[in-house]
Amino acid sequence: MAIAKNLLNIAKKEFTKIGLPEELFTKNKFNLLVDRNKIVTKYPAPGVRSEVIETPTGVKTKVYIEPGTKLEEPVTLCFGAAGRTDLQTTESEIIVGEGADVKFQVYGAMAEGIKLKHTAKTKIVVEKNAKFVFIDVHYNGENTLVDLETETDAYVGENAYFKSVFKQIKGRAGKVRVNLKARVDRKGVVVFETKMIGKKDDEIKVEDIIYLDGEESRGISKSRIIAVDQAKAEFIGETYGNAPRCRGHIDCSEIIRGKDVVVKAVPVVVVRDETAKVTHEAAIGSIDKKQLETLMARGLTEDEAVDVIVQGMLR
Amino acid sequence: MEPILTVNNVKLSLDEKPILKGVNLIINKGEIHAILGPNGAGKSTLANLIMGIGDLKSPTEGEIIFKDKILNGLEISERAKLGITLAWQEPARFEGITVEEYLKLAGRNNPDLDVEECLKFVGLDSSYLFRYVDDTLSGGERKRVELASILAMKPELAILDEPDSGIDFASMEDIARMLKTMKDRGTTILMITHREEIAEISDRASLMCDGRVIQTGNPKEVGEKFKNMCITCEVKNPQLVGGK
């Protein structure tokens with residue numbers, strides 16, 4: 001018990017230092033908090049059954065949300081590293097039962113100055129008529145070097161809704177590969193949103209793949225990536241319209257700021273049914289001049305204006 | 001009357017084409033001054049040059065003086081810090097920024113800032129505070145938010161480029177009330193318009209034609225001149241008077 005409390009204090013100290021809201025700790029918000037391969041806290045949420053096993057390099061999690069479960073408060077999880085380790089691996093399996101309506105708020109927190117490889121594999125099943133929102137927000141230190149590889153593979157059942165948001169908010173992104181994949185059944189909806197900022201020599205690669213397999217299924221893949229200094233960023237959005245009257249849209253916008261930045265956007269649209277429709281829009285460019293000038297005309301300096309615009313896009 | 005802005009024989013050529021051909025204009029502190037003129041007269045170019053928008057930081061010749069400070073060469077934010085701002089005819093949209101945040105940014109140096117009141121003056125209720133300043137607002141709503149941001153900032157000089165365009169104001173009184181509110185709070189207004197009925201709200205008006213100010217005075221008289229002469233102008237509308 002004393003060890004767990006000590007781990008919690010260390011996590012609180014290191015994670016709030018890199019920007020995690022303090023009230024997550026003071027108000028005891030975490031349903032699960034993992035530091036490297038140790039479970040620091042674990043509290044059940046109503047209607048959510050879970051099994052978490054510590055492994056030599058991380059944790060394996062199985063979560064089952066009972067059918068019809070509706071939670072007003074999000075289930076809050078944190079997978080982080082408050083101290084040195086070379087490797088952290090997490091494997092998660094989440095099943096959202098029929099008709100359930102839940103939100104997961106997940107924090108990734110890598111303490112200031114550490115260097116590690118983190119791999120995350122997540123399998124998600126959203127059953128018929130269920131709604132599942134998965135917000136994955138990453139906080140790193142400005143001198144943290146993370147090699148992050150995350151794969152999410154989801155099945156969205158009939159008339160179900162799944163939204164996944166991946167955000168990297170504070171600190172260095174490091175080397176990041178985000179791979180999101182979903183198969184969507186009849187009248188199901190999937191929304192993928194990725195918002196990241198790459199600085200210095202960060203490398204970001206985001207790949208969204210949506211298979212609209214069910215009649216009248218819907219899919220949106222949206223990315224906002226800001227690359228500054230010498231950062232490299234690549235977005236690949238693939239949407240496959242495989243079923244009658246399915247609709248998909250890819251919307252990627254990448255902002256470059258710095259002459260050594262390299263940014264690439266590749267929307268791939270494949271349609272296999274004559275009544276399906278998949279559209280895309282991709283924009284790569286500098287900060288919108290009119291936005292910049294508007295804020296400067298209100299008295300903000302150019303740097304302040306850029307910061308406001310970028311933070312707005314990443315929100 | 002004390003001048004707040006002096007435009008002194010300003011000439012501007014873009015790609016060797018003369019756009020402003022010697023503009024002379026004095027805006028007095030505390031007045032609402034309309035600049036009236038047909039499309040292409042150089043009104044918006046002059047507004048942008050005063051604010052330093054884009055590459056328009058200095059005229060090719062002449063000076064623009066705000067109070068005692070020559071504006072030539074200054075950056076937009078430096079001009080804003082002196083107390084000048086501009087509301088665009090087509091305002092920018094911002095992803096992820098709420099109306100409340102936008103108004104608070106604009107009014108961050110205004111100790112009396114009341115964002116709800118700013119919205120009220122442009123005919124929007126407080127529910128708009130939580131809306132985003134993006135495509136979810138209609139063109140008219142976005143325009144109103146832009147005008148609210150001027151009220152929030154409370155600058156010494158506000159340049160309003162076509163403040164009525166795109167807004168479904170119920171009446172001319174609405175626009176007049178809003179401009180009067182800005183004026184009562186110490187903001188001098190330079191208003192660009194091509195509608196003489198809007199210009200008539202002002203204290204004084206100037207008529208611009210072909211890159212020059214050709215008349216300054218009573219808004220009714222300037223408006224009449226605009227209505228009677230500019231519509232059938234041989235320079236701008238040669239087909240109407242049988243010219244080439």
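This is a predicted model: local features need pLDDT of at least 70, side-chain atom pairs count only at pLDDT 80 or more; totals for chains, interfaces and linings use all residues.
Me: How do I read the pairing of two strands, say strand 11 and strand 13 of chain A?
Reply: The general idea first: strands of a sheet pair through backbone hydrogen bonds, either parallel or antiparallel. Here, strand 11 (residues 161-170) and strand 13 (residues 189-198) of chain A take the parallel sense, over 7 bridges. To find your place, look for A:K167, which stands opposite A:K195 in strand 13 of chain A.

Me: What does the sheet in chain B look like?
Reply: That one is an open sheet of 4 strands, order 2-1-4-5, and the pairing is antiparallel. Its edge strands are strand 2 (17-28) and strand 5 (69-70) of chain B, each pairing on one side only. Inside it, strand 1 (residues 3-14) and strand 4 (residues 61-66) of chain B run antiparallel and are joined by 5 bridges. B:V7 has B:I64 in strand 4 of chain B as its bridge partner.

Me: Which strands does helix 1 of chain B lie across?
Reply: Helix 1 (residues 43-51) of chain B lies across strand 1, strand 2 and strand 4 of chain B, and runs at about 70° to strand 2 of chain B.

Me: How about helix against helix?
Reply: Two packed helices are described by the angle between their axes and the distance between the axes. Take helix 3 (residues 289-297) and helix 4 (residues 302-314) of chain A: the angle is about 125°, and the axes are 9 Å apart. The two are therefore oblique to each other. Helix 3 of chain A passes helix 4 of chain A in a right-handed crossing.

Me: Which residues meet there?
Reply: From helix 3 of chain A come A:Q291, A:L292, A:L295 and A:M296; from helix 4 of chain A come A:E302, A:A305, A:V306, A:V308 and A:I309. By class, that contact has 7 nonpolar, 1 polar and 1 charged residues.

Me: What is the confidence for chain B?
Reply: Chain B has a mean pLDDT of 90, with 93% of its residues reaching 70 or more. Over residues 238-244 of chain B, though, the pLDDT is below 50, and this stretch has 7 contacts in the model beyond near neighbours in sequence.

Technical notes
Residues are numbered from 1 along each chain as its sequence is written. Chains are lettered from A and ligands numbered from 1 in the order in which they are written. Side-chain values use heavy atoms; hydrogens and water are left out. Two strands pair if DSSP finds at least two bridges between them. Axes are lines fitted to C-alpha atoms, for helices over the stretch in contact, and angles run from 0 to 180 degrees between N-to-C directions. Angles under 35 degrees count as roughly parallel, over 145 as roughly antiparallel, 65 to 115 as roughly perpendicular and the rest as oblique. A crossing is left-handed if the near helix is turned anticlockwise from the far one by less than a right angle, and right-handed if clockwise. Contact means heavy atoms within 4.5 Å. Ala, Val, Leu, Ile, Met, Phe, Trp, Tyr, Cys and Pro count as nonpolar, Asp, Glu, Lys and Arg as charged, and the others, Gly among them, as polar. pLDDT is the predictor's confidence in each residue, from 0 to 100.
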